[in-house]
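Subject: Structure handover

Hello,

Here is the structure to go with your sequence.

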Amino acid sequence: EGGPHGVWPPLWGLPAAALAASALLSAGRVGALVSYYGAPLEVYSQVYSEVSAALSSRADDSPLRVCSGKEWYRYPSSFFLPPGATPAFYRAGFDGLLPSPFSAPPPDGSRAIHAHFNDGNRDEPAAYTSEDRCDVIVDLELPGDAAPRSRAGWHVWARRPFLDADRSPSWSRALYVPWLTAGRNVYANYSVLGRQPLMVMLHGSV
C-alpha cells in the first residue's frame, strides 16, 4: 500500500531518484571533460592573444607558423588564430592523412578535393612542415616523450594541466567528484612553446 503512511515510499520516488542519479552522473561527466580535457581550448585562446601581439611587433609581414604534431586532432579551428598566423603540422608519431586548407574560394572551398586525398588514410608527406620552420608549437608533454623543447631552444609561453589517461585510474578519469578525483589523477603539461621568450616577442629585442 503506497499511500503516505504505507510501508513502501510513493512510486513517484523511484523515477525521481533515477532522475537525480542520472543528473549527478551527467554533471560528473561534464565536469570531467571540462576539468581534465579543457586545456586545448584554454591554450589556443591564449595563443590568439599572444600571437596577435607578437605579429603586431614584427618588422615584416611574414606569417607566423603555429604548429602541432601528435596533438593535431585537438587543434580546434583556424578561428583560434589571428590573421597573419598559419596552422601547420610537423611529424610526431602520426602517419595518417592530415587535414588540409581549403583549396578553392567560397562557395566551393569545402567541396574542392585535394589531389592527395585518399580513402585509405595514407600519409601525405606534403602535408607536413619541418619543425625548424615553426615559430610556435602547441604540444602535450607526456613522460615518455623526448626531453622538453624548452631545453633545446624553445621557451614556454603557457602551460595547462591535461589528464594523463594512461597513468590515471579509469573511475576517477571518467567522472569529476570534488575533493576526491583530483588527487587520484595524474596530469601532464599541455604547453605553448615559442622560439623566443614571450616578452621578447611582445616587446622586441632586449
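One term first: a residue is called buried here if its relative accessible area is under 20%. By that cut-off, strand β5 is mostly covered, as 6 of its 8 residues are buried. Please keep in mind that this is a predicted model.

The sheet

The sheet is open and has 5 strands, in the order β2-β1-β3-β5-β4, with mixed pairing. β2 and β4 are the edge strands, each pairing on one side only. From one strand to the next, the twist averages 20 degrees.

Going along that order, β1 (residues 64-68) and β2 (residues 85-89) run parallel and are joined by 5 bridges. Of the 5 residues of β1, 4 are buried, so the strand is mostly covered.

β4 covers residues 155-163 and β5 covers residues 187-194. Phe162 has Ala188 as its partner in β5.

For reading side chains off these strands, there is a general rule. In a regular strand, side chains alternate between the two faces of the sheet.

The helices on the sheet

Helix α1 (residues 13-37) lies across β4 and β5, and runs at about 155 degrees to β4. Helix α2 packs on the sheet as well, touching β1, β2, β3, β4 and β5, and its direction makes about 165 degrees with that of β4.

Which residues of α1 are buried? They are Gly28, Gly31, Ala32 and Tyr36. The elements that cover the buried residues of α1 include β4, α3 (170-174) and β5. In α2, the buried residues are Ala39, Pro40, Val43, Tyr44, Val47, Glu50, Val51, Ala54 and Leu55. The spacing in such lists can be read with the helix repeat in mind. An α-helix has 3.6 residues a turn, so residues three or four places apart point the same way.

Aromatic pairs

How many aromatic pairs does a search of the whole structure find? The search finds 8. In one of them, the rings of Tyr44 and Tyr75 have centres 5.5 Å apart and planes at 65 degrees; planes over 60 degrees apart count as edge-to-face, so this pair is edge-to-face. The two residues come from distant parts of the chain: Tyr44 is in α2 (residues 39-56), Tyr75 is in the loop between β1 and β2, and they are 31 residues apart. Both count as buried, Tyr44 at 1% relative accessibility and Tyr75 with a relative accessible area of 17%.

A second pair is Phe162 with Tyr190, which is tilted: the centres are 5.4 Å apart and the planes are at 45 degrees. Phe162 lies in β4 and Tyr190 in β5, so the pair ties together parts that are 28 residues apart in sequence. Phe162 is buried with a relative accessible area of 2%, and Tyr190 is buried with 0%.

Phe162 and Tyr190 also belong to a cluster linked by ring pairs, together with Tyr36, Tyr37, Tyr176 and Tyr187.

A last item concerns a charge and a ring. Arg91 lies over the face of Tyr128, at 4.0 Å from the ring centre.

Regards

Key:
Residues numbered from 1 in each chain as written. Predicted model: local features only at pLDDT ≥ 70, side-chain atom pairs only at ≥ 80, totals over all residues. Heavy atoms only, no water. Phe/Tyr/Trp six-rings, centres within 6.5 Å; stacked < 30°, edge-to-face > 60°. Buried < 20%, exposed > 50% of the residue type's maximum accessible area, 1.4 Å probe, protein only. Lys NZ or Arg CZ within 6 Å of the ring centre and 35° of its normal. Pairing = 2+ DSSP bridges. Axes fitted to C-alpha atoms, helices over the stretch in contact; angles between N-to-C directions. Contact = heavy atoms within 4.5 Å.
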